[in-house]
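Here is a short report on how two protein chains pair. Look at the sequence and the model before reading on.

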2 protein chains.
Amino acid sequence: MDLQEALNRMKTYQLKMSAYNYVSGIIGWDAATFAPKASASYRSKMVGSLAEDHLTYQLDPQNIAMLEFLSEKDEVDPKIKRAAKIYLNDIDKVRNLPKNLYAEHVETVSMANRVWEEAKKTDNYALFEPYLKKIIDFSKKALEYRNASSKPYDTLLNDFEEGMDSKSYDAFFDTLKKELVPFIKKVHQDGAPIDDSLLYREFPIEKQKEMVSYLISYLKFDLDRGGVAESVHPFTNPLSSGDSRITVRYLKNYFPASLFACVHESGHALANQQMDPSLEGTGLQDTPSLGIGESQSRFYENYIGRSLPFWETNYPRFQELFPAQTKDLPVEEFHRIINRSKPTLIRMEADELTYPMHIIVRYEMEKMMVEQDVDTKKLPQIWNDKYEEYLGIRPQTDREGILQDVHWADEFGFGYFPTYAIGTAYGAQFLHAMKKDFSVEDAVRAGETEKVHNWLKTHINFFGKFYTPKEILINATGEPFDPRYFIDYLKEKYTKIYFA
Amino acid sequence: MDLQEALNRMKTYQLKMSAYNYVSGIIGWDAATFAPKASASYRSKMVGSLAEDHLTYQLDPQNIAMLEFLSEKDEVDPKIKRAAKIYLNDIDKVRNLPKNLYAEHVETVSMANRVWEEAKKTDNYALFEPYLKKIIDFSKKALEYRNASSKPYDTLLNDFEEGMDSKSYDAFFDTLKKELVPFIKKVHQDGAPIDDSLLYREFPIEKQKEMVSYLISYLKFDLDRGGVAESVHPFTNPLSSGDSRITVRYLKNYFPASLFACVHESGHALANQQMDPSLEGTGLQDTPSLGIGESQSRFYENYIGRSLPFWETNYPRFQELFPAQTKDLPVEEFHRIINRSKPTLIRMEADELTYPMHIIVRYEMEKMMVEQDVDTKKLPQIWNDKYEEYLGIRPQTDREGILQDVHWADEFGFGYFPTYAIGTAYGAQFLHAMKKDFSVEDAVRAGETEKVHNWLKTHINFFGKFYTPKEILINATGEPFDPRYFIDYLKEKYTKIYFA
């Protein structure tokens, strides 16, 4: 293959892969936000046909040869080379998989999703158990077909977070456990109590919507290049450099759901809006990894959105919208309430401090499922034991336990969870580095969010997928990942809140 | 090719063509309803790539051979045979067209669309004129590449309305002109005057939305299998048997815009909901022609939605929502107001009676453009002369004249307009036939819209594209198309309104 020929083929490849992504992005967005109930079965047929075309195109030997050629050739533009490598990584996941095995798995997963929903609704783990077993078995078998040199779970961890393996995650989580488990206990036992009943009072949804619009504009999330809709599970859909969408969910009796989903998802969308537009359509216009992606959303949600300076400037608007609920409530107390920590069974409702514990439970269980021969019938008990150990509470039902998350009923679900925790910890390290350049608190208080955007843009997001997570940590903070910043942040924040 | 092989290939073909349609439907929907401003350029690149794949697939010689084989073979299931014929008709439009000519045209049209917008905004026909000239030239050239045996404009007319040609349209429009031009004059000169200032009063949009929801439920448009959104130009998007969507537009100072768009588009959506679900994904799940499609939307909009019985039952809700505006206004008077006829320059604002005149102007001009050598610079004047002749008013600007519609800046735009008029006239013939089976007025007054749905379903919509428009007319009404029903309907209705 000659270089020019390969580059021409690459151009077409990038365009077509972008189109496949765009199409599945739009269809997914539509399904989650607008599509009526009865649209599901036809849509899944159409999506199936498109996925087959996509796969056929990916597995075309001439395309693979071109990608291999470009990923190895020295004189190739580094962006093209990096894109070729990333495309090849994706191909590796399915390349040697027998087609019928994969098709069977897709079908299993599609069923498993529905069964999981039913099982959760009726608190019946026995319904879901055979599907979970099948999914575990498939994941193991699929790993055997890959040319991976690493241990099975390591391969999956690396899929979601390039450069990570169980050794590094073990070290990270051991540190967290050692430092946080006793600290959490101390906070919950000895901290000054916080009356959090405000969180469960009624806040009219129409007014919450106004608060969300207000926050969007405070954050300078550009709506000419994005949008906000509603869905059951909030998510971000970055379709192009001019099109970053988020969804939020409104709960009448739990206003934090909409407010913090708005800030969290805006963080994802802003990261996308900060990317170099010339990466559009190249395969590099994406976050480098799930962890780096989460570092951005959590940065906005936690380090900005749950900070006192943020509310010093935004609480007046909140009070205007909800005068009855916030009467005589000073901003400092409001800040304590929205940051109150307590052991909870549900990850999605966890506070910043206890959140990592929820991830540790899942990480340890996944490792077991992928690397050992576990009896899937016993998983709920193992889950419950771990909650008792790390958070001091025990689920009384499986819907509040092992059935709460959809991830393990998903197509490639194992290895995803740990990125939530490491991403949050990356964020703390970015915050520490940013503070050396300017006062983040002052900027947030003054509504100068563009200062934050600009730092994140120039240090992280502009480059899209060009750098690996490890490279980004070094580029942005001058040192490799260190969980110390995260632990220090949590201890300082929660000491102020509970022991001031 | 053996039959089984052809049938297998057809199955794949139907699935893939359905997926292409689905994708372009979803993307189009999204673009019109949600997508942010800055999303356009990337989207058009993605759509371009998909369109190219689509075209390549259509022009694959093996696919064409299969379609030709199946469309000619006697023992093939008639539904497969009909689908094959329809697919071939679509292919014929582009089959022999040199690729570069077509690509050039697509580019011209994409520019022409934007230029038309600008030209309309600034009332500058000279801007648009060179594009219109190019589009006319392309249409003529494209027709030369087709194996059409008919005259150029006849081929285009038949594309949009199978079985129609200029001879039959001439006869139809001549009858309309002969009967309606003097009648319209009489109504406008001698009819009892109607004060229509109500139409331009302020009706709060939030309340209009409630009225739209109410009408949706009155019409029994099933929202588990559809949805309603907003867009600048109302349209219907029939994605599958479980997914028929409409949009409406809200104007604070012209409430008929949202109300009648709702009923009109619901008519399209209901037709889709009435189709045999087993046609889904076969190429036959669509209206048989634009005219038959329009016969359904106009049926609901005009024959039901602008009838007195409709308002006898729905006006009380309207009064509840708009007490100040409707105080002391009896339903009979309201009915007169929403049906008031006056000569207008803008087709989209025309009443039922003058509407066909707008179409006749366009039909006569298209015929000229496609079949003669017209000087495009002179078209505005020809347009204005015709308005003066048929409606007694003359546009003072081109934005109120020849620049008002986008159709002639579209990819295949000539031949579309006449279907609006013939569709409305089909509708009158269906109404006449339906009345023989039950009292439509009573059903509408009683809110028994399912009776209407059921008639339209069993006589027309259930069969999707299986029958031609001519066959449907015979099946549903027992006779070929006859404009008499339309003329009688208009004369009777407007005599009551203006000369009672």
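The report covers symmetry, contact area, and the pairs and elements at the interface.

## Basis

This is a predicted model, in which local features need pLDDT of at least 70, side-chain atom pairs count only at pLDDT 80 or more, and totals for chains, interfaces and linings use all residues. Residues are numbered from 1 along each chain as its sequence is written, chains are lettered from A in the order in which they are written, and side-chain values use heavy atoms, without hydrogens or water.

## Symmetry

Chain A superposes on chain B by a rotation of 180 degrees, with 0.0 Å of shift along the axis and an RMSD of 0.1 Å. That is the relation of a two-fold axis. In chain A, A:Val23 comes closest to the axis, at 3.4 Å (C-alpha).

## Contact and area

Contact (heavy atoms within 4.5 Å) joins 37 residues of chain A to 37 residues of chain B. The copies meet through the same surface, because 100% of the interface residues of chain A are also interface residues in chain B.

The two chains bury about 3,100 Å², 67% of it on carbon and sulfur atoms. Buried area is the accessible area (1.4 Å probe) lost on being put together, summed over both parts. In chain A, A:Tyr22, A:Phe34 and A:Tyr42 lose the most area to chain B, together 21% of what that side buries.

## Salt bridges

Six salt bridges cross the interface (Lys or Arg side-chain nitrogen within 4 Å of an Asp or Glu carboxyl oxygen). A:Arg245 and B:Asp30 form a salt bridge through their side chains, at 2.6 Å, N to O.

Terms used. Least-squares fit on C-alpha atoms with pLDDT ≥ 70 in both.
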